[in-house]
Protein chains: 2
Amino acid sequence: MTATRTRKAAPEAGGSLVDTAYHAMRRRILDNRWAPGFRALEQELALTLGMSRTPVREALIRLANEGLVEVVPRHGMRVLPVSAGDMDEIYQVLGSLEATAAELVAARKPPRAELAPLEAASKAMDAALARDDLDAWAEADERFHRHLVELSGNRLLAATVQNFWDRAHRARMFTLRLRPKPVNSTREHTELVRAIRRGDAAAAREAHRAHRERGRRELTAILARYRLPTL
Amino acid sequence: MTATRTRKAAPEAGGSLVDTAYHAMRRRILDNRWAPGFRALEQELALTLGMSRTPVREALIRLANEGLVEVVPRHGMRVLPVSAGDMDEIYQVLGSLEATAAELVAARKPPRAELAPLEAASKAMDAALARDDLDAWAEADERFHRHLVELSGNRLLAATVQNFWDRAHRARMFTLRLRPKPVNSTREHTELVRAIRRGDAAAAREAHRAHRERGRRELTAILARYRLPTL
DNA sequence: GCATGCTCTAACGTATACATTAAAGTACGC
DNA sequence: GCGTACTTTAATGTATACGTTAGAGCATGC
C-alpha cells in the first residue's frame, strides 16, 4: 500500500526537517495513528520526531492551514475531528470541483492513452471487490479520482481537490466497512469514462454529480444511523 | 474603505507578531505595493516590520500556502505573479465553487432579510457605475460575491472561494480599466438574485455559470490583446 | 461545600545564536 | 582573453535562550 511514493530510505522527505516533520505528522494523522482529538505539545512532538521545536512549529502551521490540526496556544496541537456537518461541507466542495474536472477532461478529448490510468484504476476496483479486499478497493478508488482531477489539466483544481480528499480520508476509511459493498461505484466510474471518451462534457459532469451525490447520501445515512457525530 | 475591520490602532492584528506580519504583508501584496515579482530577504522583511525573523518566517509559510508568495531557499520570498494560465485555472475553480454556492443558496430558500446584503451590493454597483467610480464598483462586486458564498451556509466553501478570489484580486483590479464598462454584470447579478428568490437552484447555478463564463472570456481576451503574460 | 483571588508552573511567542551551504567573486593556469 | 577551481560571503535552517502569561492548583473566606 502507498507503494508508488517510496523512493529512498526516507519515504518522502524534502531534505529539510520541516518537510520531515510535516510528512511524518501528516502520515500519522491520515493513518489514524494520531486519532481525531489527539493532542500533543510542541515539545513532545519535537522529542518524538527527534528535532527542535522550530521545524515542528513550521510544519504545524502547514497542517493547520490544510485543516488537519488546530493549534491552541496553551494546549499544543490537536488533530481535528471531522464532524458529520464537516463531511457534508467537504463533499459539497469535492462534488463541485470533481464534476467540473470531469467536464474539463471530457471537453479536452484526451487521447485514449491518457485515459489508461482511469481504466486501470477501474479494473483494480473490480478485482479488489471480487477478492473482497476493501482496502485495495478504496486505494484504487482514490487513484481513480486523483487521476481524474489531474487529467483536467488544471493543476490548481487538482491540488485543491487533493487537500479536501485528505481531510475526508479518515472518515471514508472508517465507514468503508459499515456501508453496503460499493458495487455501484465501479459501474458509475465506467459510465463516467465512457462519457469522457465520447467527449460529452455535460454527461461527464452529470455522471460525476450523480456518483458523488449517492456517495454523500450513503455516508450521511451511516453517520446518522450509527450516531457518529465526529470521526 | 475596509472600514468594518478596523478596531484599534493596529488595523487587524491578532495580538501576535505573526498575525501582524501576515496581515501587513498580505495587504501590501493585494494592494500591489509589493508588485508581482517583488523579492525580499527574510532579514529585510524583519527589519521593515520591526520584528525578528521568526514571526516573519511563520507568516511567510501561510502566505506561501495561500499561493501569494514563493519562498526560494537562497533568494528570500518572491511575490508570485499570476499568469494568464493561472487566471484561467483560478476562474475555473471559482466558477465551479460559486455556481455551487448559488445553487445551495437557492435550495435553502433563505428569508428575504438574508438576501438584503446581496441586493444592497447590487444597488451599490449600480450607483458606482452611474458615478463612473470603478473602484467602488469593484468593491461592491466583491462584496456581492462574498455574501453569496457566505449565504451558501458552507463555511468551507466560502473560505476556499475567498482564498482564490484573493489570488485573482490584483489582476482584476489591473484589468478593471482596460475592459468595457461592466454594465452587464449588474443585470446578471439581479437575475441571479431573482433565481435565488424563486428558490430555483438550477437557474441560479446557470445564471452564475453564465456570469462567470462571460467574465472569464472578457479577461482572457484582454490578457491576450494586451499581451499580458503575468500580472 | 463552594466561590474567589493568589501563586506558581510551564508552554508558548519571539529573539538570538550558530552551523551549513549555495552562490558570487577571485585568482590562477592555459 | 577564457574557463576552472578555490575562497569568501551571507542567507538560510535549526537549535537554543528567555520573557510573558494563561491556566492549574491552592488557600482563604463565606
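Q: How many salt bridges does the rule find across the interface of chain B and chain A?

A: Happy to start there, and keep in mind that this is a predicted model. The rule finds 2 salt bridges across the interface of chain B and chain A. One that you can look up pairs the side chains of E58(B) and R57(A), with 2.9 Å from N to O.

Q: And how many residue pairs are in polar contact across this interface?

A: There are 13 residue pairs in polar contact between chain B and chain A, counting pairs with both residues at pLDDT 80 or more. On chain B, the elements that give two or more residues to the side touching chain A are α3 (53-65), α4 (84-108) and α7 (155-175).

Q: Which element gives the most to that side of chain B?

A: Look at α4(B): this helix gives the most, with 8 residues. Sorted by class, the side of chain B that touches chain A has 8 nonpolar, 7 polar and 7 charged residues.

Q: How do I read the size of an interface?

A: The size is often given as the accessible area that is lost when the parts come together. Here chain B and chain A bury about 2,000 Å² between them, and 55% of it is on carbon and sulfur atoms. In chain B, the residues that lose the most area to chain A are E58(B), E89(B) and L156(B), together 27% of what that side buries.

Q: How many residues of each chain are in contact?

A: The contact involves 22 residues of chain B and 22 residues of chain A.

Q: Why can we say that the copies meet through the same surface?

A: Compare the interface residues of the two chains: 100% of those in chain B are also interface residues in chain A, so the copies meet through the same surface.

Q: What rotation superposes chain B on chain A?

A: The general idea first: two copies of a chain are related by a rotation about an axis and a shift along it. In this model, chain B is superposed on chain A by a rotation of 180 degrees with 0.0 Å of shift along the axis, at an RMSD of 0.0 Å. The two copies are therefore related as by a two-fold rotation axis.

Q: Now to the strands. In what order do the 3 strands of the open sheet in chain B stand?

A: Strands of a sheet pair through backbone hydrogen bonds, either parallel or antiparallel. In chain B, 3 strands form an open sheet in the order β1-β3-β2, and the pairing is antiparallel. Strands β1 and β2 of chain B stand at the edges with a single partner strand each, so one side of each has no neighbour in the sheet.

Q: How many bridges pair β2(B) with β3(B)?

A: Strand β2 (residues 69-72) of chain B pairs with β3(B) over 4 bridges. Two places to look are V69(B), whose bridge partner in β3(B) is V79(B), and V72(B), which stands opposite G76(B). A hairpin of 3 residues joins β2(B) to β3(B).

Q: Which residue of β3(B) stands opposite A40(B)?

A: That is M77(B). Strand β1 (residues 39-40) of chain B pairs with β3 (residues 76-79) of chain B over 2 bridges, in the antiparallel sense.

Q: What is the strand order in the open sheet of chain A?

A: Chain A has an open sheet of 3 strands in the order β1-β3-β2, with antiparallel pairing. Its edges are β1 (39-40) and β2 (69-72), each with a single partner strand, so one side of each is left without a neighbour in the sheet. Between β1(A) and β3 (residues 76-79) of chain A there are 2 bridges, and A40(A) stands opposite M77(A).

Notes
Residues are numbered from 1 along each chain as its sequence is written. Chains are lettered from A and ligands numbered from 1 in the order in which they are written. This is a predicted model: local features need pLDDT of at least 70, side-chain atom pairs count only at pLDDT 80 or more; totals for chains, interfaces and linings use all residues. Side-chain values use heavy atoms; hydrogens and water are left out. Contact means heavy atoms within 4.5 Å. Buried area is the accessible area (1.4 Å probe) that two parts lose on being put together, summed over both. A salt bridge is a side-chain nitrogen of Lys or Arg within 4 Å of a carboxyl oxygen of Asp or Glu. A polar contact is a pair of N or O atoms within 3.5 Å; within protein, one must be able to donate a hydrogen and the other to accept it, and residues adjacent in sequence count only if both atoms are side-chain atoms. Ala, Val, Leu, Ile, Met, Phe, Trp, Tyr, Cys and Pro count as nonpolar, Asp, Glu, Lys and Arg as charged, and the others, Gly among them, as polar. Copies are superposed by least squares on the C-alpha atoms of residues with pLDDT of at least 70 in both. Two strands pair if DSSP finds at least two bridges between them.
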